[in-house]
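The sequence and the structure come first.

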Amino acid sequence: MDSNLKEEFERIKKELSKTKTELELVENKLEYCQNRLLDIRNEKDNLKKEIIKYETIDIEKKLNDFQKLSDEFLKQKHRLEITKELLDDSREEILLLKEIINDFKNLSSFDFIRSNYPNNIDEYFIKYEKYAKYKNKENIKYKK
């Protein structure tokens, strides 16, 4: 029996040694997996930071594009308002000129010879004095 016990002891000893080796292998694998998991977490955090950085850059770019579009819109709106004002001003001037032309048509030869021009011509030169050729009233021969 002593031999049986010795054999049993040797067998258990081998089994224990084998189990220790397997345990060390499993511990090494566990340590590797934990390290790998830690690396993956760090990589994930870095990727999140990069994504946030690029999203911020994208948002800033869109904001700049919006700002440019908004500025361009305001410029166009301003140009439109100026053009409208000029057109309205020109329309008024045309109406006044039509009135003056009609008054000249109705002017008698006697009034024309005496330089007795229509009264609305004064209004025209006062209102539209911004044109350089009309600023010097001495060039215009009409009676006030």
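## Packing of α1 and α3

Helices α1 and α3 run roughly antiparallel to each other (the term applies to angles over 145 degrees). Their packing angle is about 150°, and the axes lie 9 Å apart. Axes here are lines fitted to C-alpha atoms, for helices over the stretch in contact, and angles run from 0 to 180 degrees between N-to-C directions. α1 covers residues 2–105 and α3 covers residues 120–127.

On the α1 side, the contact is made by E92, E93, L96, L97, E99, I100, D103 and F104; on the α3 side, by N120, I121, E123, Y124 and K127. Contact means heavy atoms within 4.5 Å. By class, the residues of this contact are six nonpolar, one polar and six charged.

## Basis of the model

The model is predicted: local features need pLDDT of at least 70, side-chain atom pairs count only at pLDDT 80 or more, and totals for chains, interfaces and linings use all residues. Residues are numbered from 1 along each chain as its sequence is written, and side-chain values use heavy atoms, with hydrogens and water left out.

## The chain as a whole

The protein chain has four helices and zero strands, in the order α-α-α-α along the sequence. Helices are DSSP runs of H or I with at least four residues, and strands are runs of E with at least two.

Of its 144 residues, 9% count as buried, that is, under 20% relative accessible area with a 1.4 Å probe. Among contacts in the protein chain with a separation of 6 or more, 44% come from residues 24 or more positions apart.

Terms used. Parallel < 35°, antiparallel > 145°, perpendicular 65-115°, else oblique. Nonpolar A, V, L, I, M, F, W, Y, C, P; charged D, E, K, R; others polar. Buried < 20%, exposed > 50% of the residue type's maximum accessible area, 1.4 Å probe, protein only.
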